[in-house]
Structure formats: C-alpha cells, structure tokens
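Dear colleague,

Please find the structure below, handed over for your use. My findings follow directly after it.

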Amino acid sequence: MSVDKTSTVPLYIQIREDLRRSIVSGKLSPGERIPPATALAAEKEVTVATIRRALQDLTDEGLVFSHVGRGTFVAETIETSETRTSESARDPKPDTRDGTN
C-alpha cells in the first residue's frame, strides 16, 4: 500500500492501519520480523519518525514488539485493545487510592 499524502488522515495512521491489516489477516505471521524503519520509510517515502510513530502505536496495542539491535517483530499472541478492555472488565483492579483496600 502506498500512502496518500493528500489525505486528511495522518501518514502514520495510514501506515499503522496498513500494518495492522497485514498482521490481523495473517500476511505478517507471528514472530515475523518487520522490515527496518529506514527501509519502510524509503518504501513509503516518509520520514523514519513517521514509521516509528506507527510502530509505537502497534507496540502499545500489543501487535508488535521490539528488541534493540534485532528489530521489530509481530507478536506471538495478538493483544488488541478490545482484549485488554474485556479482561479489565472481568478482573478489575481494586481502587487503593483511599487506603481502605
């Protein structure tokens, strides 16, 4: 997928969603290494910072993980925001701010 630089959707979101679709569809397999940010930036004709922002969002969502010096990989177990939300609803953490728990 190429990015649409005329779109009102920020470039990092376009790239993030393209990578998310590739992961969820199985085009990128669990454990598979994602190309380096510099290579993706050159391919998409965007800055490395734009790629890093997209990858950071996917990391925060549990779809990918990074190892310094090794690269970024598709997570073995895909944890989505919906999964985290439903798990939180089943096992809520007690509110200990008032000191009563």
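The chain contains four helices and three strands, where helices (H or I, at least four residues) and strands (E, at least two) are DSSP runs numbered from the N terminus. Read from the N terminus, the order of the elements is α-β-α-α-β-β-α. Please note that this is a predicted model, in which local features need pLDDT of at least 70 and side-chain atom pairs count only at pLDDT 80 or more, while totals for chains, interfaces and linings use all residues. Residues are numbered from 1 along each chain as its sequence is written, and side-chain values use heavy atoms, with hydrogens and water left out.

Burial and core

Of the 101 residues in the chain, 32% count as buried; buried means under 20% relative accessible area, exposed over 50%, and partly exposed in between (1.4 Å probe, protein chains only). The accessible surface of the chain is about 6,800 Å², and carbon and sulfur atoms account for 52% of that surface (Shrake-Rupley method with a 1.4 Å probe; for residues, only the protein chains shown count as cover). Among contacts (heavy atoms within 4.5 Å) between residues at least 6 apart in sequence, 50% join residues at least 24 apart.

The largest nonpolar core has 18 residues, of which Ile15, Leu19, Ile23, Ile34, Ile51 and Val64 touch the most other members. Such a core is a set of buried Ala, Val, Leu, Ile, Met, Phe, Trp, Tyr and Cys residues joined through side-chain atoms within 4.5 Å. At least two residues of this core come from each of helix 1 (11-25), helix 2 (37-44) and helix 3 (48-60).

Helix packing

Helix 1 and helix 3 pack at an angle of about 50°, and their axes are 8 Å apart. Helix 1 is therefore oblique to helix 3. The contact involves Leu11, Tyr12, Ile15, Arg16, Leu19 and Arg20 of helix 1, together with Thr50, Ile51, Arg53, Ala54, Leu55, Asp57 and Leu58 of helix 3.

For helix 2 and helix 3, the packing angle is about 115°, with the axes 8 Å apart. These two helices are therefore roughly perpendicular to each other. Their contact is made by Ala37, Thr38, Leu40, Ala41 and Lys44 of helix 2 and by Val48, Ile51 and Arg52 of helix 3.

As to conventions, axes are lines fitted to C-alpha atoms, for helices over the stretch in contact, and angles run from 0 to 180 degrees between N-to-C directions. Angles under 35 degrees count as roughly parallel, over 145 as roughly antiparallel, 65 to 115 as roughly perpendicular and the rest as oblique.

Individual residues

Lys44 lies in helix 2 and counts as buried, at 9% relative accessibility. Its C-alpha atom is separated by 6.1 Å from that of Ser2, 42 residues away along the chain.

Glu45 is in the loop between helix 2 and helix 3 and is exposed, with a relative accessible area of 59%. Although not a glycine, Glu45 has a positive phi of about 60°. Most residues other than glycine have a negative phi.

Thr72 belongs to strand 3 (residues 71-74) and is buried, with a relative accessible area of 12%. Thr72 and Ile34 are 38 residues apart in sequence, yet 5.5 Å apart in space, C-alpha to C-alpha. Beyond its neighbours within four places in sequence, Thr72 is in contact with Glu32, Arg33, Ile34, Leu55, Val64, Phe65 and Ser66.

Yours sincerely
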